[in-house]
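Here are some exercises to work through with the sequence and the model side by side. Try each task on your own before you read its solution.

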Amino acid sequence: MPDSVVAEEEILRQSFDRVIARQERVEPRDWMPEEYRRTLIRQIAQHAHSEIIGMQPEGNWITRAPSLRRKAILLAKVQDEAGHGLYLYSASETLGVSREELTRLLLSGKQKYSSIFNYPTLTYADVGAIGWLVDGAAICNQVPLCRTSYGPYGRAMIRICKEESFHQRQGYELLMTMMRGTDEQRAMVQDAVDRFWWPSLMMFGPPDTDSPHSAQSMAWGIKRHSNDELRQRFVDMTVPQAQALGVTLPDPALRWNEQRGHYDFGEPDWDEFRAVVSGDGPCNAQRLAHRQRAYDDGAWVREAALAFARREAGDEEGTPDA
Amino acid sequence: MPEIRGEWPLYEVFVRSKRGLNHVHVGSLHAPDDAMALRHARDVYTRRNEGVSIWVVRSSAITASSPDEKEPFFAPSGDKVYRHPTFYDIPRDVPHL
């Protein structure tokens, strides 16, 4: 590489470093290090895929919602998740990757989505547990991302966080309603909490000591807090909510630590986490097969809409269709 | 003109949140044509009364200034401090100025 090009890149890098140091935002057409771009594409795409795959566990219950009110709420929530996926795909496309490519990477298993969506939803109480715990964990993760260093990502997160609060509250309200019901309903709530508690803690990712990309992501201002910090924040927020609800969190090690001013809690089963992430969770194959089927079944719609647009454009110009 | 195969073209979406305010860029989406872009924009970006008016425009139709530091595109306004009211010293006892 000629010296002038190297010198030019050094100037661009310094300008990028200044933006990061001042906690300003990097915007799409700015120069950025290739690794910063790759990290963002990976993280935003994984986030987008999670929203899209995340429609399935709850979508499972739309036709069997116990009342019209619950059905309308659940429909709105699942529609929001589609919307969140689209905001995030739109943000990742500003980094130069195409939607088609992102879909291909998801369907071929080359890009991941959150491990939590590989667990099944066995009862309607799971809809409540997902809203309360899974969306609660997501909020913990996402609120700091509103200040992430990449502009389009931060703006997408602001929109998402505004909508996510409804998701968590409807879940908690659903569980409260069931807790006021029969013994059987209370048992369903406890069972849902027992199954979703540990996977929710795993949503924050591996422990800091085992999180290879974290340090660089923090230095670049992509992440603002470490996995363990956010996990602790989630536990501290959730324990009083569990007490108010009247459920037990399935962790014998969970207790208030006066000295630290935080709750102590047990270690999630990281072997299970790794197995689920690498494809061996209870529903991985089912989730991807469903997404693939939806993509294939929609192909004729995408093609027909383009064919129609082309014919209309031709008509407007008064030229006969080719 | 779009090809039959391949992706729907990209549109940028601008929403006026209420009367009296400017349209503001909110994000982008893919759509086969202008009419569908408007419908998708309504569904994706205004599910909670966020808008009273939407503009969509093909991303390829936008001309943007270069973010490159080397191009001093905004330099002409940088050294004209006299364009700001604070440039002028006015005695404190002169009212309404």
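The exercises below concern a predicted model, and each task is followed by a worked solution.

**Exercise 1. Describe the fold and spread of chain B.**

Step 1: Start with the secondary structure. Chain B has two helices and three strands, and along the sequence they come in the order β-β-α-β-α.

Step 2: Now look at the overall dimensions. Taken along the principal axes, the C-alpha atoms of chain B fill a box of roughly 70 × 40 × 15 Å.

Step 3: Compare with the globule rule. For 97 residues the rule gives 13 Å, but the radius of gyration of chain B is 21 Å, well over that value, so chain B is more spread out than a compact globule.

Step 4: Of the 97 residues in chain B, 25% count as buried. Among its contacts between residues at least 6 apart in sequence, 43% join residues at least 24 apart.

**Exercise 2. Characterise the interface of chain B and chain A.**

Step 1: Count the residues. Chain B contributes 29 residues to the contact and chain A contributes 31.

Step 2: Turn to area. About 2,400 Å² is buried between the two chains, with 55% of it on carbon and sulfur atoms.

Step 3: Tally the polar links. There are 13 residue pairs in polar contact across the interface, both residues being at pLDDT 80 or more. The elements giving two or more residues to the side of chain B that touches chain A are β2 (23-30) and α1 (34-45) of chain B. Of these, β2(B) gives the most, with four residues.

Step 4: Sort that side of chain B by residue class. The residues there divide into 12 nonpolar, six polar and 11 charged.

**Exercise 3. Which residues of chain B form salt bridges with Glu163(A)?**

Step 1: Set the count. Four salt bridges run between chain B and chain A.

Step 2: Find the partners. Arg47(B) pairs with Glu163(A), with the closest N and O atoms 2.8 Å apart. Arg48(B) also forms a salt bridge with Glu163(A), here at 3.4 Å.

Step 3: Glu163(A) is in helix α7 of chain A, while Arg48(B) is in the loop between α1 and β3 (53-58) of chain B, so the pair joins two chains.

Step 4: Glu163(A) counts as buried at 4% relative accessibility, whereas Arg48(B) counts as partly exposed at 34%.

**Exercise 4. Is Glu58(A) buried or exposed, and what does this residue touch?**

Step 1: Locate the residue. Glu58(A) sits in helix α3 (residues 55-59) of chain A.

Step 2: Apply the cut-off. Buried means under 20% relative accessible area, and Glu58(A), at 1%, is buried.

Step 3: List the contacts. Beyond residues up to four places away in sequence, Glu58(A) touches Leu74(A), Lys77(A), Val78(A), Glu81(A), Val127(A) and Ile130(A). With Lys77(A), the side chain of Glu58(A) makes a polar contact of 2.6 Å.

**Exercise 5. Why does the salt bridge of Glu173(A) and Arg70(A) tie together separate parts of the sequence?**

Step 1: Identify the pair. The side chains of Glu173(A) and Arg70(A) form a salt bridge of 2.9 Å, N to O.

Step 2: Glu173(A) lies in helix α7 (residues 151-179) and Arg70(A) in helix α4 (residues 68-93) of chain A, so the pair links parts 103 residues apart in sequence.

Step 3: Glu173(A) is partly exposed at 25%, and Arg70(A) is buried at 10%.

Notes. Residues are numbered from 1 along each chain as its sequence is written. Chains are lettered from A and ligands numbered from 1 in the order in which they are written. Side-chain values use heavy atoms; hydrogens and water are left out. Contact means heavy atoms within 4.5 Å. Buried area is the accessible area (1.4 Å probe) that two parts lose on being put together, summed over both. A polar contact is a pair of N or O atoms within 3.5 Å; within protein, one must be able to donate a hydrogen and the other to accept it, and residues adjacent in sequence count only if both atoms are side-chain atoms. Ala, Val, Leu, Ile, Met, Phe, Trp, Tyr, Cys and Pro count as nonpolar, Asp, Glu, Lys and Arg as charged, and the others, Gly among them, as polar. The radius of gyration is taken over C-alpha atoms; the globule rule is 2.2 Å times the number of residues to the power 0.38. Buried means under 20% relative accessible area, exposed over 50%, partly exposed in between (1.4 Å probe, protein chains only).
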